[in-house]
Amino acid sequence: MTAAPETEFPLKDWVPETRTLLIGDREVEPAGDTWDVYNPATEEVIATVGGASTDQVDDAVAAARAAFPAWSALSGEERSRHIHRFADVLEKAADRLLPSIVNEVGTPVSLAEYLQVKMAVDEHLRWAAEAAKTDRTVHLGEYDKPVPTMSDVVYEPVGVVAAITGYNYPLNLAIFKFGAALAAGCTVVLLPSPRTPLTTLFLGDLIREAGLPPGVMNVVIGGADVGQRLSSHPGVDRVSFTGSDGVGAKIMEQAAANLAGVTLELGGKSPNIVLPGVDVQKIAVEMHLRWSRNGGQGCAALARLLVHDSVYDEFLEAGASAFDQMAVGDPWDRATNIGPMIRPDHQNRVQGFIDSAAAEGGRKLLEVTKPVPEKGWFVNPVLLGNLPHNARAVQEEIFGPVAVILPFKDTEEAIRLANDTPFGLAANVWCDDPVEARRVAEKIRAGTVWINGGGAMRPDAPFGGYGRSGVGRELGEWGMREYLEVKHIQWRI
């Protein structure tokens, strides 16, 4: 594989040097546990970091609490200017944010430039900045029982938000949370996955550079003890978390002790339905290249393929060339489109799904057969078939470059199979008839349903899921409402 020219990415070996927490306006030396951070493509230690102590978590929450009155009292226009200025700083830092993410997540640079950096800042954070200006007051008008009155419904910020992110999209997931929270008038304590803390620690520097008022955004890192302290903290009014459904359930339980609200964006086992009559020659390659991107480490990966009997064999044949196009290896090589798994334990977990599928009678129908690099936690993409719908690989989120395919006999069976998992995050329907496609989409129990491939993740559209895929929504006006309390004001006239 040809290496990318050295001059194309002069900072490609750069990793953030920040090792301090941000609490209020202070850079604070961490007092908790330490651990190594690895480059998953090389297995090299690229940093050693220290986490917050429980007392430092308390300090961060206190700083956010102290900053809340002044921040929430600002006009929407004033908050918007602050958020836009923060976006300006992030844009200027894109040449450092990119290598930080590529080197700690392993996302191929050809994907990370837009999906990990540009989309997060230029589209989602800018949208939140504009949303801060919206007056959401609802004037209900007169009511005459038992006496004449007038009413308004107003929206006020919830308070302090604990924003806890997953490892796979450290900047995106953070912005999805703090963008809306700041726009709503809330203050934030940001906690990243301990697997990818470096980009978030670097954000602490950029927060200070942007001149956000002290305490409006605080950054801490740590493991499960820090997460538990934050999500169960009596000074936190809402917890927003992205990660697995198992951890999400624990966070919900911890927040419940204080009756704090939660927004949970959790796992998925998203169906990709190919209805009869579709020209599979046009779509098969696109489908495979989509579920496998970011090494399949995406909660909305459309990796459960439901294909009608009449086009099943043709679909397999048409999709074979996609596996020839999957280049597994160095994320800094522009030819690479499949990066590593985040850690060896996750690599083993993904491989375990492949092995258990074979034990249940499954077969590899399509796969990449070139050897993976000697260094790095890579898994070759594979399409599994011949499995019953209750098989582990069909029902559970794999979070790796592994898809499963199942045939179906008619559209109603496809709908039943699509809904037959505990998850309901996303789905896609391929259909030549727009009326039928819309009918099927409305039958699928998922928070997002694309038709014929859909499009990019819109900042003004909600994202979240049914069932074990989560609670609440992120993005768009629906995501804003997660960070707002509703108040009815009524007066006599």
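Leaving aside neighbours within four places in sequence, phenylalanine 86 is in contact (heavy atoms within 4.5 Å) with Leu125, Phe178, Leu203, Leu206, Ile207, Ala210, Leu212 and Met217. The model is predicted, so local features need pLDDT of at least 70 and side-chain atom pairs count only at pLDDT 80 or more, while totals for chains, interfaces and linings use all residues. Residues are numbered from 1 along each chain as its sequence is written, and side-chain values use heavy atoms, with hydrogens and water left out.

Phe86 and Phe178 touch the most other members of the largest nonpolar core, which holds 87 residues. A nonpolar core is a set of buried Ala, Val, Leu, Ile, Met, Phe, Trp, Tyr and Cys residues joined through side-chain atoms within 4.5 Å. Buried means under 20% relative accessible area, exposed over 50%, and partly exposed in between, with a 1.4 Å probe and protein chains only. The most residues in this core, nine, come from helix H5 (residues 170–184). A second, separate core has 31 residues, including Phe353, Ala391, Phe408 and Ile444.

Helices (H or I, at least four residues) and strands (E, at least two) are DSSP runs, numbered from the N terminus. The protein has 15 helices and 22 strands. Of its 493 residues, 58% count as buried. Among contacts with a separation of 6 or more, 74% join residues 24 or more positions apart.

The radius of gyration, taken over C-alpha atoms, is compared with a globule rule of 2.2 Å times the number of residues to the power 0.38. For 493 residues a compact globule would have a value near 23 Å, and the protein agrees, because its own value is 23 Å. The C-alpha trace spans about 70 × 60 × 40 Å along its principal axes.

Two further residues were examined. Serine 80 lies in helix H2 (residues 76–92). Serine 80 is buried, because its relative accessible area is 1%. Beyond neighbours within four places in sequence, the contacts of serine 80 are Ala129, Glu130, Ala132 and Lys133.

Tryptophan 291 belongs to helix H9 (residues 280–291). With a relative accessible area of 0%, tryptophan 291 is buried. Not counting residues up to four places away in sequence, tryptophan 291 touches Gly296, Ala301, Leu302, Ala303, Leu305, Phe323, Pro381, Val382, Pro401, Val402 and Ala403. From threonine 48, tryptophan 291 is 243 residues apart in sequence and 32 Å apart in space, C-alpha to C-alpha.
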